[in-house]
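Open the model in your viewer and keep the selection panel at hand. The tour moves from domains to a sheet and then to a pair of helices.

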Amino acid sequence: MGSIIRRPGAAARDSYDLVIVGGGIYGAMLALESSLRGLHALLLEKGDFGGATSFNSLRILHGGLRYLQSLDLHRFRESVGERSWFLRSFPNHVQVLPCLMPLYGEGLRRPAVFRAALGLNDWLSRERNLAVRADRHLPSGRVVDASATVSLFPGVDRRDLLGGAVWYDACMPDSQRILMDVLRSACGLGSVALNYVEAQDLLKSGSQVWGILGRDLQSGEELEFRGKVVINAGGPWSREMAARFDRDVPHLFQGSIAWNVLFDREPPSDHALALKPKHPGARTYFLVPWKGMILAGTGHAPWSLGSERPLPSREQLECFVEDLNRAAPGLGLTGGDIVHVLAGLLPAVRTGSDELALREVIVDHGAQGGGHGLYSVSGVKFTTARLVAEKTLNRVFGHSRAVRRSWTWTPRPDALQPGTAEMAALLGGLGDSSDGVDGCEGVLGKLIEEESVVHLEDLFFRRTSLWTRPKEALHAAPRLCRLWGWDEAECASELTRVQEGYVNYDAAGR
Ligand SMILES: Cc1cc2nc3c(=O)[nH]c(=O)nc-3n(C[C@H](O)[C@H](O)[C@H](O)COP(=O)(O)OP(=O)(O)OC[C@H]3O[C@@H](n4cnc5c(N)ncnc54)[C@H](O)[C@@H]3O)c2cc1C
């Protein structure tokens, strides 16, 4: 695995086969897939890598069970295939997630229907465990009776309970580490990735694209980055960027807001619970056991404001908590239990709707009379980002540029690999106390050096999981600032950034 070294000036002296704008999971996967094709790629990210939508996902690698309901077999196969890719490629970062849905007999939620659906799900995904490490195999699903459902989830609403559907998906508790390892792998294979560099304009000569005018947001310097192909992978900003660089493409991204909430409460089951409040039109919510807490999602609503830091309103959050409490009576979640609200924008089928788009969009601007070499891409899931990168590169460079190098993620031989005590402390949010930091200074120093950690906030939220334990982590923060050698004023401003990074009940209401 390579290192991510931030040298914008040096990067501007080189030239690239492609410049990728956006360092979320879609941009990161484009960088990895390009490198595997022997292409020299440059990735520009205006904030920190993976700091926007990609940080806020529910961290589930979806298989296709939900797509069976609409018989969308194409999407089913893609999701199952990509879930297996993650299980094969990152066995240390991806875990098996047992899921339980209590069945009360309404609509399709009947034991007989689920027995058939789970059988079909297992048959259609029968190759899901091929080449996957044995302890990451996904077992077959099953329907259990009411008493087994109660033992899996003692707090279940027992009135009219007929049984429960149990199936297995995959989850990535530290998805930010996957994104960083994808980027580090791309850099190890020859890509260059720069955070805090904003793409401001497209550079063209006649109709041919030749690069990007960027600004180093740390130094304020303007720089020209050369590449005959530019891929706009700006997620929620992709439509605005397409309009700025060429023309508006409305179906690229018509944003709706989605959010998950991390509650500092013991999970009610070791299974992820799929629960639906008993009122008409209610959504199904997932309560995922996550680092000893509950990660609950997903709330959805239309969105009409800008892309910077989208948040649900206080009222939306109150309804969300109320709905969760109706879905799991006795859980008694309150606003005070909220550690952080994870919100982001997702593409909807149309502006003003919260119905999610089903497929990725890949636009060749040159084919529509725009700049030759400019492409825009927007996707709908973390799970399928690699596949979308593959499709995009096939479109841009043709199949002659099929993957040339084989790649397997190899855990590092040093303390940065998951599984060591130091990394476990950092990913678990320090363990019992902030003293945990003392034993981790070596690992942290290496992260800062090898992963372009510019701000304390980057370290807290996107290189480790220190953010999950705000009290302990903030207590340790002044000591962490020493790792950069910042003076007092710089430390104070970095601490403010970290504090402002959290969204709790009150902040969401602003
Ligand atoms: C609440 C929620 C729950 C979700 N749950 C799941 C889930 O469980 N499983 C799943 O598979 N998917 C899930 N998703 C979907 C998934 O998170 C997204 O599909 C995915 O993260 C989108 O990645 P992206 O790279 O397109 O966008 P982003 O992560 O937003 O990345 C785009 C990047 O482009 C950068 N950028 C924009 N403009 C510029 C510019 N001019 N110059 C440089 N950089 C720029 C931005 O700073 C940003 O970092 C969820 C999403 C949400 C919001």
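The stops below each start with a selection.

**Stop 1: the domains.** This model is predicted. Colour by the domain assignment. Domain 1 comes in three pieces, 8–54, 176–253 and 357–401. Domain 2 covers 255–356, and domain 3 covers 421–509.

Now show domain 1 with domain 3. Their centres, taken over C-alpha atoms, are 29 Å apart. Domain 1 gives 9 residues to the contact, and domain 3 gives 6. What classes of residue does domain 1 bring to the side that touches domain 3? There are 5 polar, 3 nonpolar and 1 charged.

**Stop 2: the sheet.** Select strands S1, S9, S10 and S11. They form an open sheet in the order S1-S11-S10-S9. The pairing is mixed. Which strands lie at the edges? They are S1 (15–16) and S9 (197–205), each of which pairs on one side only.

Zoom in on S10 (208–216) and S11 (222–227). These two run antiparallel and are joined by 5 bridges. Pick Ile212 next. Its bridge partner in S11 is Phe225.

**Stop 3: the helix pair.** Select H13 (456–463) and H15 (488–501). At what angle do H13 and H15 pack? The angle is about 35°, and the axes are 8 Å apart.

Show side chains at the contact. From H13, pick Leu456, Glu457, Phe460 and Phe461. They meet Glu494, Arg497, Val498 and Gly501 of H15. By class, the contact of H13 with H15 holds 4 nonpolar, 3 charged and 1 polar residues.

Notes: Residues numbered from 1 in each chain as written. Predicted model: local features only at pLDDT ≥ 70, side-chain atom pairs only at ≥ 80, totals over all residues. Pairing = 2+ DSSP bridges. Helix = DSSP H or I, 4+ residues; strand = E, 2+ residues; numbered from the N terminus. Axes fitted to C-alpha atoms, helices over the stretch in contact; angles between N-to-C directions. Contact = placed C-beta atoms within 7 Å. Nonpolar A, V, L, I, M, F, W, Y, C, P; charged D, E, K, R; others polar. Domains from an automatic or database assignment.
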